[in-house]
Amino acid sequence: MTPPASPVSPLLEALSQEDIGAVRVHAPLADYCTWRMGGPADLLVEPASAAHLARILAWCREHGAPCVVIGEGSNLLFDDAGLRGVVVRLGPAFASLHIQGTRIAADAGVHVADLAWAAQRAGLAGLEHAVGIPGTLGGLVAMNGGSRRQAIGDVIVRVSAVDHTGALLDFPCVACGFGYRTSVFQRNGCIVVGAELDLPRGDPAAIKAAMEADVAEREAKFPLDLPSCGSVFKNSDAMYAAFGPPGKVIEDTQLKGLTVGQCQVSSKHANFFVNLGGASSADMLALIGEVRARVCERTGIQMECEVRYVSPQGAIMPAHDAAPQP
Ligand SMILES: Cc1cc2nc3c(=O)[nH]c(=O)nc-3n(C[C@H](O)[C@H](O)[C@H](O)COP(=O)(O)OP(=O)(O)OC[C@H]3O[C@@H](n4cnc5c(N)ncnc54)[C@H](O)[C@@H]3O)c2cc1C
C-alpha cells in the first residue's frame, strides 16, 4: 500500500540519514502494537543510546515534527492513517538491569516479565502482579500499570526521563504523579529511560508460585489467542460499587460478541476487544463508542478508556475521546 503523502516526510527522510540508531521509513504500525492495527509511521527509530535519543528529540523539536514514544504498543490504538512524524521505540539498547540489595535499577526497554522474574530470582517480592503484563518498564511506568489493586508506582524510588530538549531529568517517586493508570509522563512529554525500584524481600519459591498462578489465571480468563490491548476500559469506584468491574458491566449489558467489521467484544472476557484479522482502527473506535453508549444507557455511567489512541498528528488520548458518538 502506498503511504499517504506527508508534508514532513522529506524532512524525516533527511533525519533517517543521521546517526540516530535503527531506522525504518514508512513503518507499518500494525507490526509494533499488540492490537495489530494501524497504518504507516513516516519514521520509526530505535535509538541505540541516550545520545541518539537526545538528537532525535532535538531534531523533532527544531522541525516541528510530532514524536511519539512507544514500548511494545500493548496499550495503544494507532490510526489507520498511521503517523505523520517519528515513532521512537525503546528496544534492546535500553534493556540493562542491575540488582543491589533490595533495589533494582532497570532501563525503560526491559520487558516487564523479565523484570518480574529477575526480582523473583533475587528473592524480591512486589512484582508478582505484573508478571503477566506485556510491554516494557517505560510503558508500565507511564501507564502506572498493574493488577490486583497494585501498580508499579507502589515500588518506584525514582524515574529517569529525557525531556523534549534532550536533557536527562530525575523524578523522585513523589514527582511522578502516579494515580490509577496515570502518571506525569502521560502529560509532560518526557521519555522515561530508566527507573529504580525498591522491593520487599520474599521467599523465592512463594514468589514463583504466585507468579505462575497469576499467569495461569490470565491464560484461563483472557482471550490471549487473538490480538488485543488488554482491558479497553478502566475500572471506576462508582461503577464498581453499583455494577461491578467493566468486564461484568459490558457482559451484563449483553454486549459480549458485539462486532463491528473485524473488531469484536471478546466472548471470553468482555473488557477485551479482539482483532479477528485485518481489523481497522476506525472500526475499533466505532465499537468502543457503541459499547460506551450502550453501557451508559443502562447504567448512567460513562466508562473511560485505559487504551490510548494515537492520532496521525501524534496526539495521544484515551481512545474514547476519539471514538464516534453513536
Ligand atoms: C493481553 C494483555 C494484558 C494486559 N494486562 C494488563 C494488566 O493486567 N494491567 C495493566 O496495567 N495493563 C495491562 N495491559 C496493557 C499494557 O500491557 C500496559 O499498559 C503496559 O504497561 C504498556 O506497556 P508498553 O511498553 O506496551 O507501552 P505502550 O503501549 O507502547 O505505550 C503506552 C503509553 O505509554 C507511553 N510510553 C511508552 N513507553 C514510554 C516511555 N519510555 N516514556 C514515556 N512514555 C512511554 C506511550 O506513549 C503510551 O502513551 C495488558 C495488555 C495486553 C495486550
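Which domains does the domain assignment give for the protein chain? I looked this up before anything else. The assignment lists domain 1 (9-89), domain 2 (95-208) and domain 3 (225-321); such bounds come from an automatic or database domain assignment.

Notes on the source. The model is predicted, so I kept in mind that local features need pLDDT of at least 70 and side-chain atom pairs count only at pLDDT 80 or more, while totals for chains, interfaces and linings use all residues. Residues are numbered from 1 along each chain as its sequence is written, and side-chain values use heavy atoms, with hydrogens and water left out.

Entry on domain 1 and domain 3. I found their C-alpha centres 27 Å apart. For contact (heavy atoms within 4.5 Å), I noted 17 residues of domain 1 against 24 residues of domain 3. The two domains bury about 1700 Å² between them, 60% of it on carbon and sulfur atoms. Buried area here is the accessible area (1.4 Å probe) that two parts lose on being put together, summed over both. Of the area that domain 1 buries against domain 3, 41% comes from Trp35, Asn75 and Leu77, more than from any other three residues.

Entry on pairs across this interface. I looked for salt bridges (a side-chain nitrogen of Lys or Arg within 4 Å of a carboxyl oxygen of Asp or Glu) and the rule finds zero between domain 1 and domain 3. The rule does find 14 residue pairs in polar contact, both residues at pLDDT 80 or more. A polar contact is a pair of N or O atoms within 3.5 Å; within protein, one must be able to donate a hydrogen and the other to accept it, and residues adjacent in sequence count only if both atoms are side-chain atoms.

Entry on elements. On the side of domain 1 that touches domain 3, β4 (76-78) and β5 (83-89) are the elements that give two or more residues. β4 gives the most, with three residues. Helices (H or I, at least four residues) and strands (E, at least two) are DSSP runs, numbered from the N terminus.

I noted 17 of them. In one, Asp19 pairs with Arg55, the closest N and O atoms being 4.0 Å apart. Asp19 lies in the loop between α1 (9-16) and β1 (22-28) and Arg55 in helix α2 (residues 50-63), so the pair ties together parts 36 residues apart in sequence.
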